[in-house]
Amino acid sequence: MTATVTSPAARGGRRPTKKSLVPWLFLAPGLLLALVFKFWPMAKGAWLSFYDVRPFLGDKWTGLDNYTRVLTDHRFQDAIGHTLVLGIGQSLGAIVLGFVLALLLEGQARSLKIVRTAVFLPAVTATAVVGELWRLMYYPTSDGLINSGLDFLGLGPVQFLDNPDLALWSTMAMGIWIWAPYNMVIIMAGLAGVDRSLYEAAAMDGVSLWQRLRHVTLPAIRPAVGIVLTLAAIRGLRVFTEVYVLTGGGPAGSTEVWMTRAYTLGFTRNDIGGASAASVVLLCVTLLLTVTVNYFRTRGDAR
Amino acid sequence: MSAPAIDSVRTTTPKTTGKRSGKAKRTTPARFDTALGWNDRPGTAWALRILLCAIALAVFAGPFLAILSGAFTRNASGSSLSFLPHDSTLQNFTVAGERGIWDYFSNSLVIAGGGLLLQLVVCTLAAYALARHRFRGQALVLTLFMLTMMLPEEVIAIPLSLVLGDVPVVHLDLKGTVWGVILPLGAWGFSVMMLTEFMKDIPDEIEEAARLDGVGELRMLWQIVLPLCKPALGVAGVLGFIMIWDQYLLPLIAAKDPTDYTVTVALSVLRSDPQVGSGVVLAGAVIALVPSLIVYLLLQRSLVTGIAAGATKG
């Protein structure tokens, strides 16, 4: 992300603007909105995370209390575990399935374009709609949409969302369903960039399809996969809407993730300080992850 | 949907189209066109591909048919969800209408329309300054906009809800108004970055010629620069719309009471209403689905370009 944007100042030939106020006038609305609705809340969140927030009574400085409380809370620790399992499983699943879809649907034929258009639908649908849809598909009796299919195969009705051992995996399946088509588009853009003559050369050398995939296709789409992974990792950490709509964190907290927990803390329990501390921790982890991944990516590019 | 990594859309498009036209001219067999070497001639592989496509369609598009059929089925429940409607009726939509779904829908439309308009104007202005001017602090401004992109909305949700209740300096309460949702959407780092990259590629000669004719800054942007970056505006528009329509947490925290909800948030209100069945929820889902479907089908090309843009350069 950072590597691709070069400051125009670096390119010669553009004369310095004499009326140096002009660019700031153009930037003002954007900077103002970002300041008020992004950076100010961020600073305020960091500030509040050190306080015991009491409406009407005034906030009380408590130092790192909120942080220790949140990080030692076993429900939060569980939530961190769920977030990691969900994030990693969902990202890997969506990449593998996205890759399979891209391989399957690659091509110029009109019929393929129509199939691609249809398959991409989950990625453009609002998450809340997807959640409601999956709640109904996961309907726990044997005539629910998925369960009727299982019934046909002779498998009993599965309590997808009501069984604490299963709910997290059901959520993961929905996440894969949402993000696989999205990844498909990115990977397909990578596939389009593969030099076709390499395929031909591989065929001349008589290599197998598997070897061709491994040694020609995969190296060519590695940058695309790198981007997909970065995006997925960041997305995975902050996952909220999917879980909130599908299970609300239940049953018995078995799908509680970091952000749903912070939300409950902040809005249901009115523990603004604790929720802010949780958010700050998440923000730091996200930024750290982004910077690390970018660092390794730029280093990889330089090689 | 989150923003894909930034890259110049312009450099992506010609690359892929160039490849395509080159491919059409070449006479190599079609089996070298795809990674798996798919073949057009009927055979085992061909049949297998059709079968797999059918499965992919059933898995990824099938549920949407289920939404449609459920929405038009009388007394549909989660247990009677199927791919084909039976006993079709508009009753679900009538009931959903009685529960105020059209009010939620109009909230959504106002927010999507206003939010997108604001976002495009704000981001275009900022991109113009960043791409066509040189000034002190430019790198810092760029970094700030990039930070807004990395900053997940979820993380600032709790303090943001406090800020919306009492905006600093002016002390306005935006909660319960559409502004509470629209204004935070205004500065979107992704659009700023993408439009900046695109505008940088407009040749200086065009700008200089216009300046010699005495064209001012606003006219320069409106009459010279904007018409040249229509493709980028298309991408910013379609991705912006999908992003705004997908908002869940923001309308939730900006609402004072449930009548302020957008249609996507209101679905959970419908669901928790014990007096309406799944059919009504599905009718609501169809209503929430239609605008994004229309935008997607009309501007599919821009959308795919925008998402793929992040993929071609590391």
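In this predicted model, the C-alpha centres of domain 1 and domain 2 of chain B lie 32 Å apart. The domain assignment of chain B places domain 1 at residues 32–89 and domain 2 at residues 100–312.

**Helix packing in chain B**

Two packed helices are described by the angle between their axes and the distance between the axes. Take helix α3 of chain B, residues 62–71. The axes of α3(B) and α15(B) come within 8 Å and cross at roughly 120°. That angle makes α3(B) oblique to α15(B). The crossing of the two helices is left-handed.

Which residues build this contact between α3(B) and α15(B)? From α3(B) come I67(B), L68(B), G70(B) and A71(B). They meet S278(B), G279(B), L282(B), A283(B), A285(B), V286(B) and L289(B) in α15(B). By class, the residues of this contact divide into eight nonpolar, three polar and no charged.

Helix α15(B), residues 278–298, is also one of the partners of α14(B). Helix α14 of chain B covers residues 263–272. Seven of its 10 residues are buried, so α14(B) is largely enclosed by the rest of the structure. The buried residues are V263(B), T264(B), V265(B), A266(B), L267(B), S268(B) and L270(B). Within chain B, they pack against α4 (91–98), α5 (101–132), α13 (249–254) and α15. Their partners in chain A are α6 (127–137) and α11.

**Where the chains meet**

The contact between the chains takes 97 residues from chain A and 97 residues from chain B. Helix α1 of chain A, residues 21–48, gives the most to the side of chain A that touches chain B, with 17 residues. By class, that side of chain A has 61 nonpolar, 24 polar and 12 charged residues.

**Chain A overall**

Chain A has 13 helices and two strands. Its C-alpha trace spans about 80 × 75 × 30 Å along the principal axes. Of the 303 residues of chain A, 47% count as buried. Contacts in chain A between residues at least 6 apart in sequence were also sorted by separation: 66% join residues at least 24 apart.

Is G249(A) buried or exposed? G249(A) counts as buried because it has 22 C-beta neighbours inside 10 Å, and the cut-off for buried is 20 or more. Leaving aside neighbours within four places in sequence, G249(A) is in contact with V243(A), T255(A), E256(A), T260(A) and T264(A). N294(A) is 45 residues from G249(A) in sequence, and their C-alpha atoms are 32 Å apart in space.

A252(A) is found in the loop between α11 and α12 of chain A. A252(A) counts as exposed, because it has 10 C-beta neighbours inside 10 Å.

**Positive phi values**

Most residues other than glycine have a negative phi. A252(A) has a positive value, near 55°. H171(B) also has a positive phi, near 50°. The place of H171(B) is in the loop between α7 (157–165) and α8 (179–185) of chain B. H171(B) counts as exposed.

| Residue | Phi | C-beta neighbours inside 10 Å |
|---|---|---|
| A252(A) | near 55° | 10 neighbours |
| H171(B) | near 50° | 7 neighbours |

Methods
Residues are numbered from 1 along each chain as its sequence is written. Chains are lettered from A and ligands numbered from 1 in the order in which they are written. This is a predicted model: local features need pLDDT of at least 70, side-chain atom pairs count only at pLDDT 80 or more; totals for chains, interfaces and linings use all residues. A residue is buried if 20 or more other C-beta atoms lie within 10 Å of its own, exposed if 12 or fewer, and partly exposed in between; C-beta atoms are placed from the backbone. Two residues are in contact if their C-beta atoms, placed from the backbone, lie within 7 Å. Helices (H or I, at least four residues) and strands (E, at least two) are DSSP runs, numbered from the N terminus. Domain bounds come from an automatic or database domain assignment. Ala, Val, Leu, Ile, Met, Phe, Trp, Tyr, Cys and Pro count as nonpolar, Asp, Glu, Lys and Arg as charged, and the others, Gly among them, as polar. Axes are lines fitted to C-alpha atoms, for helices over the stretch in contact, and angles run from 0 to 180 degrees between N-to-C directions. Angles under 35 degrees count as roughly parallel, over 145 as roughly antiparallel, 65 to 115 as roughly perpendicular and the rest as oblique. A crossing is left-handed if the near helix is turned anticlockwise from the far one by less than a right angle, and right-handed if clockwise.
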